[in-house]
Structure formats: structure tokens, C-alpha cells
Amino acid sequence: MRLANLAGRAVLLVDGGAVDVERLTDGKFGPSARSILDNWEAFRDAVSGARLDAAERTSYTLADLGAPVPEPRQIFGIGLNYADHAAESGAPNPDFPVVFTKFPSSLGGPAAPVSLPSAGVDYEAELVAVVGKRADHVSEADGWSYIAGLTVGQDLSEREVQLRGPAPQFSMGKSYRGFSPCGPAVVSLDELANPDDLAISGWIGDEVLQKSRTEKLIFSVPKLVAYLSAICTLYPGDLIFTGTPAGVGVGRKPQRFLRPGETLVTEIEGLGRLEIPLEQGYESSASA
Ligand code: ZN
């Protein structure tokens, strides 16, 4: 199933439109995504195929959808989790996951415009894992069973703020308003032939920026669940941005940052795509 957010209400995306979860389940689940993810297994069992087939559909566009999990308790970001991206960042492969947070106020829908705060904003196409049940000290072998589904994310990053100071503070540079677009839906694992190996790419117009596969993650989703849950309790609806492959703007020669007027597209096989319009939120330099 594909759990999404239409006008602040949880919906399932199906052929021909969106089905409202609260109406579908006679008020047992919804309208918030939290109420569904807190009871994910019961919800999966309750939504039978036949009932879904007969349900009333509402048409929608990508721009009508909000972040599929609008109020996660925690958002984890993982840095340097593809070898080619670690190399372009001038770093060795990490021995343990590099973790930061993206604050929940930075979430946005799959086609929500983002106002660029500077000319130094970078893109990071990422697979996002959505936690499906409370996780404490979970083993890697059990990791996938704690994940409700996967979605597409962008870990937008203002590089100057991310990297400045004697001890770089990743979280602020990655938490400007709209810097964590997600969607279009949380896709349950049963919809994917192999959730460990999905094509991931990002582009602007005909310029391909990133192109890889999630099998190249240094720390896979179950490894991340094991590592994070050994330190933090994970809650239903928590998001894990799993890291980005090579091709980010700061690692290019010349460097290539996002420009106002562009639309940043991010796609993952089986999950769908984000189409983020970029707007100018800073003063132009006089020399332009
Ligand atoms: Zn990232």
C-alpha cells in the first residue's frame, strides 16, 4: 500500500485517485498518519483488498500532497553512506554510521516549493525509511521488520551553515524550511521486489545529477535500525534519511548549487518521485 497525505488527511494512493483512510476504516484509523503508523500491523490487516477496490476515490496532483508523515517524533540523517559520496567528500568510508538530525519543521511535500536561503544550497537524493514500530536494541537480522515502508527524500543542505565553525553543525544547515521534502507516499515493503536494491536518481531538466542504486549503501536499512536503536528508542513514524550517492554539487568541479527557477526531480524505483520548484529567497548579488 501507498500511504500519503492529502490536505492533512491520511489517504491510500490507488489507481484512479486517493482513498481517505478514516472513511475507509469507519473511523478506526486516521485522519492522522500517526494514528496509522502507531498501529501499523493492525492497519495492514484491516485494509483488505476488496474493501479498497470499492472505496470512493478523490483525484489529486503531486502538488496536492503533503509530507506523508507530517509529524515524526524524530528524523535521523545519515552522512557518507555511499563509498563514492564519501570519496567525493574527501572522507574515508566510515567505520560506524555518521548521524545528524533534520528537524521536523523542515519537512515538505513531494512538490512543495522551496525558497533557497542562499546561492549555496545543495541537493542530496535519498532513500527514506519509515519506522513502523517501537524499536529498542533491535538486531540487524530483525531490522526490516521494524520498517513500515520506504519513501523518496531530499536532504537539502546549505553548505556554508552546515560546515562552518570549529565543530560543524550539520543539523541547522539541513533544516531550513522545506529542506526535507518527502513523498509521494510511504510504500509498504510488500510492494517492492527487493527493498535492498532500488535505482535512485536526481536531475534538473536534462542534467543528470545523481544516479545509483541503494544496494551500494555502506550501512543498509537493517544495519541502521540496529545501530540507531542501540542508542535511541525509535518510534513509529520516525524517518531515517539513509544518505546520498555521489554527484552532489559541492563535490563537483566547478561546484554546482541549486538555482532559483529550477525544478529538482528525485526518483526511486518503485517509490515515485519528488518535483521540487526552487525559488529565490536571497538578494541577488549586484555583479550578476
Ligand atoms: Zn544526506
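**Exercise 1.** Decide whether D26 is buried or exposed in this predicted model, and describe its backbone.

*Solution.* Step 1: start with the surface. D26 has a relative accessibility of 61%. Exposed means over 50%, so D26 counts as exposed.
Step 1: find its place. D26 sits in the loop between α1 and α2.
Step 2: check the backbone. The phi of D26 is positive, about 50°, although D26 is not a glycine. Most residues other than glycine have a negative phi.

**Exercise 2.** Look at the peptide bonds from G30 to P31 and from K253 to P254: are they cis or trans?

*Solution.* Step 1: read omega for the bond from G30 to P31. Omega is near 0°, and the bond is cis.
Step 1: P31 lies in the loop between α1 (21-24) and α2 (33-37), while P254 is in the loop between β15 (239-241) and β16.
Step 2: Most peptide bonds are trans.

**Exercise 3.** Work out which residues coordinate the zinc ion, and how they are spaced along the chain.

*Solution.* Step 1: list the donors. E124 (OE), E126 (OE) and D155 (OD) coordinate the zinc ion, at 1.9 to 2.1 Å.
Step 1: follow the chain. The donors have the spacing E-x1-E-x28-D.
Step 2: ask about burial. Buried means under 20% relative accessible area. E124, at 5% relative accessibility, therefore counts as buried, and E126 is buried with a relative accessible area of 0%.

**Exercise 4.** Describe the surroundings of I200.

*Solution.* Step 1: locate the residue. I200 is part of strand β13 (residues 199-204).
Step 1: judge burial. With a relative accessible area of 2%, I200 is buried.
Step 2: find its partners. Leaving aside neighbours within four places in sequence, I200 is in contact with residues including Y82, A125, E126, L127, P245 and I268. E126 is also one of the zinc donors.
Step 3: compare chain and space. I200 and T244 are 44 residues apart along the chain, and their C-alpha atoms are separated by 9.3 Å.

**Exercise 5.** Identify which members of the largest nonpolar core touch the most other members.

*Solution.* In soluble globular proteins, nonpolar side chains tend to be buried together.
Step 1: name the residues. The core has 41 residues, of which I147, L150, I240, L258, L264 and L271 touch the most other members.
Step 2: see which elements take part. Among those that give two or more residues to this core are β9 (125-131), β10 (147-154), β13 and α8 (221-231).
Step 3: zoom in on one member. Leaving aside neighbours within four places in sequence, the contacts of I240 include F76, L127, V128, L224 and L228.
Step 4: look elsewhere. A second, separate core of 28 residues includes L24, I36, F43 and V186.

**Exercise 6.** Find out which element gives the most to the lining of the largest pocket.

*Solution.* Step 1: note the space. The largest pocket holds about 250 Å³.
Step 1: look at the lining. It is made by 18 residues, and L80, H85, S89, R159 and Q162 lie nearest the centre of the pocket.
Step 2: turn to the elements. β4 and α6 (159-163) give two or more residues to the lining, and α6 gives the most, with 3 residues.

Methods
Residues are numbered from 1 along each chain as its sequence is written. This is a predicted model: local features need pLDDT of at least 70, side-chain atom pairs count only at pLDDT 80 or more; totals for chains, interfaces and linings use all residues. Side-chain values use heavy atoms; hydrogens and water are left out. Helices (H or I, at least four residues) and strands (E, at least two) are DSSP runs, numbered from the N terminus. Buried means under 20% relative accessible area, exposed over 50%, partly exposed in between (1.4 Å probe, protein chains only). Contact means heavy atoms within 4.5 Å. Donors are N, O and S atoms within 2.8 Å of the metal (3.2 Å for Na, K and Ca); water is not among the atoms, so sites may look incomplete. A nonpolar core is a set of buried Ala, Val, Leu, Ile, Met, Phe, Trp, Tyr and Cys residues joined through side-chain atoms within 4.5 Å. On a 1 Å grid over the protein atoms alone, a cavity is a set of points where a 1.4 Å probe fits but cannot get out, and a pocket is an open set with protein on both sides within 12 Å along at least five of seven lines; lining residues have an atom within 4 Å of a point. Grid points are joined across faces, edges and corners, and a volume is the space filled by probe spheres set on the points.
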